[in-house]
Amino acid sequence: MLQNVNWSRVEQYLREKFNLMDETEELVIKPFTAGYSNLTYLLRIGQWEGVLRRPPFGKLPAKAHDMNREYNLLKKIYSVYPKAPKPLLYCEDHNIMDKPFYIMELKKGIVLDKQLPNQWDVLKIKKQISKSFIQELADLHRIDVYKSGLDSLGKPEGFLQRQVNGWINRYRQVRTEDLPFVEKLENWLIHNIPVSKEVTIIHNDFKLNNIVFNIENPNEIIAVLDWEMSTIGDPLLDLAISLAYWTEKEDEDTGLATITNQPGFMTRKELAILYAEVSGRDISNLNYYLSFSFYKIAAVLQQIYYRYKTEGIGDERFANLNIGVRNLMLQSDKAIHATIV
């Protein structure tokens, strides 16, 4: 959707802010792989490079896609976790763009989205990727939120209760199809919320295509992207969300980009066991967190599908999201009975 932005105004703004007025080359714009959330563009003027983040086009849910919050979150997180991109500039001037946006540094490396580099399509390397992924999550959870000054990022008391009740309410508000088993699932989630034992920073969207690897070394993670939903709370929810996105060969279609269903990648269960080993955390209640994570992802996709159905958003990627929502709800139900991990 490059045509929906006045890029000449953006270019002039960037030249002024980053002292690029004497640069003769024009602005080059390259959209990153389109996800279902905020829009991300690689920008280049001569030797200068940066990444622009903005909300999706169209009407947005209340409090969603808050660029100012995400920008300020990154400032705090980057100071203690430099694998997060460094935020450079925030703008909410509607004369420049219709919605607020910010600019952050470009982290160079490779993101594993829909395919592997040919040289990485090896069983041994896929296992290395799996281990690096879960080790990075455990490392992130080791950051002391109080000593590092990150305790202001959220309200950990009652975190799980707010998450569960909030996402159930969001789903109900945008429901377009009747899935009879979901009401029973929701009641189970509400009445079986575990007691959180620990507070850490949680990314809330820690999945493989938000990780930047060193192309020369699958054991080295250069950056972790997309911090828009990060907060502080229960680390087991962060783990469970990662596992919910980590699809396996037997999974039904959920509409989520994946390569982890290929032979060689570790299973969800193997990743969970490895996380417990490297973090020292008790994961005996993990199936609750996993069930809720599948439900939450389903609710996120349902919000997008609702906008597609009711607002006429002309993006056919969203046309079959209802199938993904149903399958994710079924996975949520299976997780209750410990048939996934």
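Analyst: Happy to! One term before we start: two strands pair if DSSP finds at least two bridges between them. Also, please keep in mind that this is a predicted model.

User: Got it. What order do the five strands of the open sheet have?

Analyst: The order is E1-E2-E3-E5-E4, and the pairing is antiparallel. Strand E1 (28-31) and strand E4 (87-91) stand at the edges with a single partner strand each, so one side of each has no neighbour in the sheet. From one strand to the next, the twist averages 25°.

User: How many bridges are there between E4 and E5?

Analyst: Four bridges, in the antiparallel sense, with E5 covering residues 101-104. You can look for Pro 87, which stands opposite Met 104 in E5.

User: And which strands does helix H1 lie across?

Analyst: Helix H1 (residues 7-17) lies across E1, strand E2 (39-45), strand E3 (48-54), E4 and E5. H1 runs at about 60° to E2. Helix H2 (residues 67-80) packs on the sheet too, touching E3, E4 and E5. The direction of H2 makes about 160° with that of E4.

User: Let's zoom out. What domains does the assignment give?

Analyst: The domain assignment gives domain 1 (7-105) and domain 2 (110-336). Their C-alpha centres lie 25 Å apart. In terms of contacts, 24 residues of domain 1 meet 28 residues of domain 2.

User: What about the open sheet of three strands, which order does that have?

Analyst: That one runs E6-E8-E9, with antiparallel pairing. Strand E6 (110-111) and E9 are at its edges, and since each has a single partner strand, one side of each is left without a neighbour in the sheet. Helix H3 (residues 123-141) packs on this sheet, where H3 touches E8 and E9 and makes about 35° with the direction of E9.

User: How are E8 and E9 joined?

Analyst: By a hairpin, through two residues. Strand E8 (residues 211-214) and strand E9 (residues 217-224) pair in the antiparallel sense over four bridges. Asn 214 has Asn 217 in E9 as its bridge partner, and Val 212 is partnered by Ala 223 in E9.

User: Now some helices. At what angle do H6 and H8 cross?

Analyst: At roughly 60°, with the axes of helix H6 (residues 235-245) and helix H8 (residues 286-311) coming within 8 Å. H6 and H8 are therefore oblique to each other. Their crossing is right-handed.

User: Which residues meet there?

Analyst: On the H6 side they include Leu 236, Leu 239 and Leu 243, and among those in H8 are Tyr 289, Phe 292 and Lys 296. By class, the contact of H6 with H8 has 14 nonpolar, one polar and one charged residues.

User: And how do H8 and H9 sit, roughly parallel or roughly antiparallel?

Analyst: The axes of H8 and helix H9 (residues 321-336) come within 8 Å and cross at roughly 165°. Angles over 145 degrees count as roughly antiparallel, so that is what H8 is to H9. This crossing is left-handed.

User: What is that contact made of, by class?

Analyst: The contact of H8 with H9 has 14 nonpolar, six polar and no charged residues. Among those in H8 are Asn 287, Phe 294 and Leu 301, and H9 brings residues including Val 325, Met 329 and Ala 335.

Technical notes. Residues are numbered from 1 along each chain as its sequence is written. This is a predicted model: local features need pLDDT of at least 70, side-chain atom pairs count only at pLDDT 80 or more; totals for chains, interfaces and linings use all residues. Side-chain values use heavy atoms; hydrogens and water are left out. Axes are lines fitted to C-alpha atoms, for helices over the stretch in contact, and angles run from 0 to 180 degrees between N-to-C directions. Contact means heavy atoms within 4.5 Å. Angles under 35 degrees count as roughly parallel, over 145 as roughly antiparallel, 65 to 115 as roughly perpendicular and the rest as oblique. A crossing is left-handed if the near helix is turned anticlockwise from the far one by less than a right angle, and right-handed if clockwise. Ala, Val, Leu, Ile, Met, Phe, Trp, Tyr, Cys and Pro count as nonpolar, Asp, Glu, Lys and Arg as charged, and the others, Gly among them, as polar. Domain bounds come from an automatic or database domain assignment.
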